[in-house]
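Student: Please take a close look at one part of this model, the place where the two protein chains meet. Describe what each side brings to it, and then what lies around it.

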Protein chains: 2
Amino acid sequence: MALEHLFQGSALNAVDAKGRVSIPAFLRSVIERRGDSRTIVLAKHEAFPCLSAYDPGYAALKHAKLERLLEKEETNPDAQLEYQQRNLMAFAATEEVPYDSSGRILMPPMMRRKGEIGDLALFLGTGETFQIWNPKALLDEPRIPDDLKDIARFRLEERGAS
Amino acid sequence: MALEHLFQGSALNAVDAKGRVSIPAFLRSVIERRGDSRTIVLAKHEAFPCLSAYDPGYAALKHAKLERLLEKEETNPDAQLEYQQRNLMAFAATEEVPYDSSGRILMPPMMRRKGEIGDLALFLGTGETFQIWNPKALLDEPRIPDDLKDIARFRLEERGAS
DNA sequence: GGATTTCCCATGAATTCCCATAGATTCCCA
DNA sequence: TGGGAATCTATGGGAATTCATGGGAAATCC
């Protein structure tokens with residue numbers, strides 16, 4: 001799997017009273033170059049207290065991988081169960097949300113809670129996917145490198161000052 | 001087999017006194033993009049105490065899958081029997097129900113019993129198909145990952161609070 | 001004819017759509 | 001190359017639509 005277009009960069013956007021957030025234009029352009037969906041898939045990040053996001057095509061790719069794995073071990077009952085569980089996590093525990101003509105999504109309440117997102121959303125490109133953080137949570141996270149926290153601080157300043 | 005449109009997301013809907021349930025709009029849209037039937041096929045899930053559901057087109061696909069599996073082991077008499085059994089389950093033990101203009105099905109009493117569905121139905125997308133659970137049964141099921149149970153709890157809360 | 005089943009309408013909440021704006025960025029052309 | 005115009009981006013607010021759900025009328029069945 002060699003993805004041609006990668007997510008990179010960072011931005012800090014507001015979540016408004018209705019729960020709407022603008023997806024940064026530089027991330028949207030990657031989504032639209034990968035497919036033509038104007039839609040993102042949201043999931044709780046498996047390790048960090050934040051959200052993981054990607055385009056629907058990437059989700060399908062992940063699914064195809066799981067399928068192939070299953071067919072190899074079709075007769076193994078343990079493999080069956082693990083397949084069921086992973087499939088549930090990959091699809092039931094995620095939400096697909098379209099963004100409108102102005103590039104905004106409505107952050108689903110469940111994801112907002114799971115990702116601890118308040119009224120500011122920090123977007124971080126990570127190549128194949130991107131992450132959405134509560135900037136406070138990122139600064140409090142010991143496993144995050146200081147250089148990255150500096151970026152978060154900068155984005156906060158930038159916004160606080162203007 | 002590469003299905004283009006996958007079932008994704010979760011929702012908790014009420015089963016009313018007449019046995020009617022709304023199929024969540026985001027699942028309906030997948031059904032209608034896969035074919036043009038406004039119909040779902042219900043079956044008892046093969047492993048979990050819940051229902052498995054999909055569009056009529058997928059049933060045909062499943063049949064082809066079984067056929068292919070049989071041909072691989074044509075000489076094995078055990079495989080023949082298993083094929084017969086799985087084929088029976090896939091077709092005799094299912095019910096096809098249309099949904100009306102408001103997106104509701106009438107849950108067939110037999111399926112309701114088999115799936116242990118009470119007056120709340122939890123819908124979980126799993127890619128090629130989706131599942132319908134009694135939320136209580138899901139919380140009691142040891143083979144279900146905790147993160148998924150959290151989602152069920154969230155959906156219950158969301159509904160209880162409002 | 002009583003009971004079930006199907007259809008149709010009603011409704012409140014949620015969500016999508018549309019328009020507006022202000023600031024930043026890019027473009028363009030003299 | 002400099003400055004001004006056009007465009008794009010993030011954001012706000014309100015209107016219009018969709019969604020889930022309840023209730024009842026009409027049709028159907030033994």
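Tutor: In this predicted model, 18 residues of chain A are in contact with 17 residues of chain B. On the chain A side, four elements each supply at least two residues: helix H2 (56–72), helix H3 (77–91), strand E5 (94–98) and helix H4 (109–114). The largest share comes from H3(A), with seven residues. Sorted by class, the side of chain A that touches chain B holds nine nonpolar, five polar and four charged residues.

Turning to the fold of chain B, there is an open sheet of six strands in the order E1-E7-E8-E4-E3-E5, with antiparallel pairing. E1 and strand E5 (94–98) of chain B are the edge strands, each pairing on one side only. Neighbouring strands of this sheet are turned by 25 degrees against each other on average, direction ignored. Within the sheet, strand E3 (residues 39–44) of chain B and strand E4 (residues 51–54) of chain B are joined by four bridges in the antiparallel sense. B:Val41 stands opposite B:Tyr54 in E4(B). Helix H2 (residues 56–72) of chain B packs on the sheet, where it touches E3, E4 and E5 of chain B, and its direction makes about 50 degrees with that of E3(B).

Strand E1 (10–14) of chain B also takes part in the surface near DNA strand D, as does strand E1 (10–14) of chain A; each supplies at least two residues. In total, 21 residues surround DNA strand D, the closest being A:Asn13, A:Asp16, A:Ala25, B:Asn13 and B:Asp16. By class, this surface has nine nonpolar, eight polar and four charged residues.

Notes: Residues numbered from 1 in each chain as written. Chains lettered and ligands numbered in written order. Predicted model: local features only at pLDDT ≥ 70, side-chain atom pairs only at ≥ 80, totals over all residues. Near = placed C-beta within 6 Å. Nonpolar A, V, L, I, M, F, W, Y, C, P; charged D, E, K, R; others polar. Contact = placed C-beta atoms within 7 Å. Pairing = 2+ DSSP bridges. Axes fitted to C-alpha atoms, helices over the stretch in contact; angles between N-to-C directions.
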